[in-house]
Amino acid sequence: MEQILGVAVGVVITCLLLSIIASHVLEIMAAFTAKRAIALEQAILKMVGDPAIYEKFANHPLIATISFQPAKLLGLRSAAAAKPRPTYIASPLFTRVLLVSIAELHNLPSTDVTRIVASLPDSPLRQRLGAIILGIEHDSVACVSAVEQWYDGTMDRVNGLYKRHTQNWLLVLGMALAIICNANLFSIAQKLWSSKDARDAVTATAQMYSCKDGQPCALPSYETARNEIQKRLAEELPVGYDWDYVEGYWRAGADPEHRGLKALAAHWAFNFAGWMLTAIAVSLGAPFWFDMLNKLINMRLAGVKPEKATPVQASGGAEVIAAPAPSVSVQVSDDTATTG
């Protein structure tokens, strides 16, 4: 059991390290391209269905104060991301600014949802708002709440699309990292299975991120975690390239007497499968692997805790320690099981 858990911990901590690196790269890309802000802009523009209303909405002082240009990368900024945009708008703010923008644009005297719907010309926005407030036209508070729920529901869909976009990019970055770092999960598992020193090293490193009993489990500083994992495991896991081996491999591969076509194809199939598995693992994200790491560490180091003895009062007033009920606990930190 110890051997199996050691291999699992090593695989998980490798995936955590690569996920942290991929997440940092993705954050830089997202900041440079303003992908989240552009997705929000496109969603609101589709909701209102009128560029003029959206321009009035986006230029409102309450929206302008939360609109920023994306960060520059090496002094450059994406052309599509040059426009200041907000990355998040609360639903009460969206509803208030939208109603004010429509009222000002159409010279309406009130921002009441029912009156706005009645005064709007025939348009997709009028049809949408009319469907939203259908049956609650006489309750202004309920109308405003319904518009807010419409916005929140749309943002849930946008967040889902953005999450899938992020996961796809993590898959691409994970494949790139797997190839660049030669992070083959099959090779890593083989090394951990055959080397107790490697298992001990990854277990000692993983214990730094285990949650303590009775304390909330918070995510670590990923920058610190990445540096610690890289420093401690650089010599224990088969990650990276041995260039002497690579040179000899290609020389042997060019000589049919040393390496046949089938052996060469099998070798690359093994590498590609291991890299693809690594990429899929990285796409799950660093929080997933941190949570998985804690579960494995707790499983490996802590069995079922024995019950504590409870003090009882004897008939003469003396305190007696009562023995706990019989229980069975399994210690999985080594290959033996203890029964008590």
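What percentage of the 340 residues of the protein count as buried? In this predicted model, the share of residues that count as buried is 35%. The fold is built from 14 helices and two strands, and among contacts between residues at least 6 apart in sequence, 72% join residues at least 24 apart.

**Cavity**

- When the whole structure is searched for cavities of 30 Å³ or more, one is found, and the volume of the largest cavity comes to about 30 Å³.
- The lining of the largest cavity consists of Ala37, Leu40, Glu41, Ile44, Tyr54, Phe57, Arg85, Pro86 and Ile89, a set that divides into seven nonpolar residues, two charged residues and no polar ones.
- Helix 2, which spans 35-48, and helix 3, which spans 51-58, each supply at least two residues of this lining, and helix 2 gives the most, with four residues.

**Aromatic rings**

- Six aromatic pairs are present in the structure, and one aromatic cluster is formed by Tyr54, Phe57, Phe94 and Tyr151.
- Tyr54 and Phe57 belong to this aromatic cluster and are also among the residues that line the largest cavity.

**Charge over a ring**

- Arg36 is placed over the face of Tyr162, where the distance from the ring centre is 5.8 Å.
- The lining of the largest cavity, for its part, includes Glu41 and Arg85, and two of the lining residues are counted as charged.

Technical notes
Residues are numbered from 1 along each chain as its sequence is written. This is a predicted model: local features need pLDDT of at least 70, side-chain atom pairs count only at pLDDT 80 or more; totals for chains, interfaces and linings use all residues. Side-chain values use heavy atoms; hydrogens and water are left out. On a 1 Å grid over the protein atoms alone, a cavity is a set of points where a 1.4 Å probe fits but cannot get out, and a pocket is an open set with protein on both sides within 12 Å along at least five of seven lines; lining residues have an atom within 4 Å of a point. Grid points are joined across faces, edges and corners, and a volume is the space filled by probe spheres set on the points. Ala, Val, Leu, Ile, Met, Phe, Trp, Tyr, Cys and Pro count as nonpolar, Asp, Glu, Lys and Arg as charged, and the others, Gly among them, as polar. Rings of Phe, Tyr and Trp (its six-membered ring) pair if their centres lie within 6.5 Å; planes under 30 degrees apart count as stacked, over 60 as edge-to-face and the rest as tilted. A charge sits over a ring if NZ of Lys or CZ of Arg is within 6 Å of the ring centre and within 35 degrees of the ring normal. Buried means under 20% relative accessible area, exposed over 50%, partly exposed in between (1.4 Å probe, protein chains only). Contact means heavy atoms within 4.5 Å.
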